[in-house]
Amino acid sequence: ADERTLVLIKPDAVRRGLVGEIISRFERKGLRIDAMQTRTLGGDLADQHYAEHVDKPFYPPLKAFMTGGPLVALVLSGDQVIDVVRAMIGSTDGRKAAAGTIRGDLSLSNRENLVHASDSPDSAKRELGLWFPELG
Ligand code: CMP
């Protein structure tokens with residue numbers, strides 16, 4: 001069934017000029033872009049977005065990275081889009097992500113891994129509410 005998910009094209013991707021490459025992959029897959037916005041993440045929204053990670057040792061450098069430059073936030077929709085996008089992104093660590101995935105093809109880092117996507121229907125609902133409250 002049709003779903004929506006939140007995707008963040010992270011500051012490393014913007015810095016490296018990979019925004020078009022990444023959006024192009026989603027478009028070619030047949031997913032729809034329901035909303036898209038360039039913005040610089042503030043500390044409060046970072047803490048809310050990454051609520052499950054705020055106490056982890058990797059969080060301070062993650063927060064500095066994510067708030068350190070503009071990113072592109074997208075709402076994507078399509079059939080089973082949450083799982084489809086997770087598969088297209090690949091596993092967290094770009095050094096281990098499978099070839100053919102965005103991270104596997106374009107990232108060599110566990111932190112600067114180019115994209116974030118909601119990992120479940122519950123997290124999609126929560127994250128869409130944080131980033132695009134106007135979509136309802
Ligand atoms: P993301 O999918 O946005 O979810 C949490 C983020 O934390 C993850 O992508 C990485 O950017 C980062 N991350 C997760 N695990 C680690 C780790 N062990 N070391 C550094 N960064 C991490």
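The structure is a predicted model, in which local features need pLDDT of at least 70, side-chain atom pairs count only at pLDDT 80 or more, and totals for chains, interfaces and linings use all residues. Residues are numbered from 1 along each chain as its sequence is written.

The protein has seven helices and four strands; these are DSSP runs numbered from the N terminus, where a helix (H or I) has at least four residues and a strand (E) at least two. Read from the N terminus, the order of the elements is β-α-α-β-α-α-β-α-α-β-α. The radius of gyration is 14 Å, close to the 14 Å that the globule rule gives for 136 residues, so the protein is as compact as a globular protein of that length. This radius is taken over C-alpha atoms, and the globule rule is 2.2 Å times the number of residues to the power 0.38. Along the principal axes, the C-alpha trace spans about 35 × 35 × 25 Å.

Of the 136 residues, 30% count as buried. A residue is buried if 20 or more other C-beta atoms lie within 10 Å of its own, exposed if 12 or fewer do, and partly exposed in between, with C-beta atoms placed from the backbone. Two residues are in contact if their C-beta atoms, placed in that way, lie within 7 Å. Among contacts with a separation of 6 or more, 72% join residues 24 or more positions apart.

Around the ligand are His-53, Phe-58, Leu-62, Thr-92, Asn-110, Arg-111, Asn-113 and His-116, each with its backbone-placed C-beta atom within 6 Å of the ligand. This shell divides into two nonpolar, five polar and one charged residue. Here Ala, Val, Leu, Ile, Met, Phe, Trp, Tyr, Cys and Pro count as nonpolar, Asp, Glu, Lys and Arg as charged, and the others, Gly among them, as polar.

An unreviewed UniProt entry lists Lys-10, Phe-58, Arg-86, Thr-92, Arg-103 and Asn-113 under "binding site"; such annotations may be inferred rather than shown by experiment. Phe-58 sits in the loop between α3 (43-49) and α4 (59-66), and counts as exposed because it has 10 C-beta neighbours inside 10 Å. Arg-103 belongs to helix α6 (residues 102-106) and is buried, because 24 other C-beta atoms lie within 10 Å. Leaving out residues up to four places away in sequence, Arg-103 touches Ile-89, Gly-90, Gly-94, Ala-97, Asn-113 and Leu-114.

For "active site", the unreviewed UniProt entry lists His-116. His-116 is in strand β4 (residues 115-117) and counts as partly exposed, with 19 C-beta neighbours inside 10 Å. Beyond its neighbours within four places in sequence, His-116 is in contact with Val-7, Leu-8 and Lys-10.
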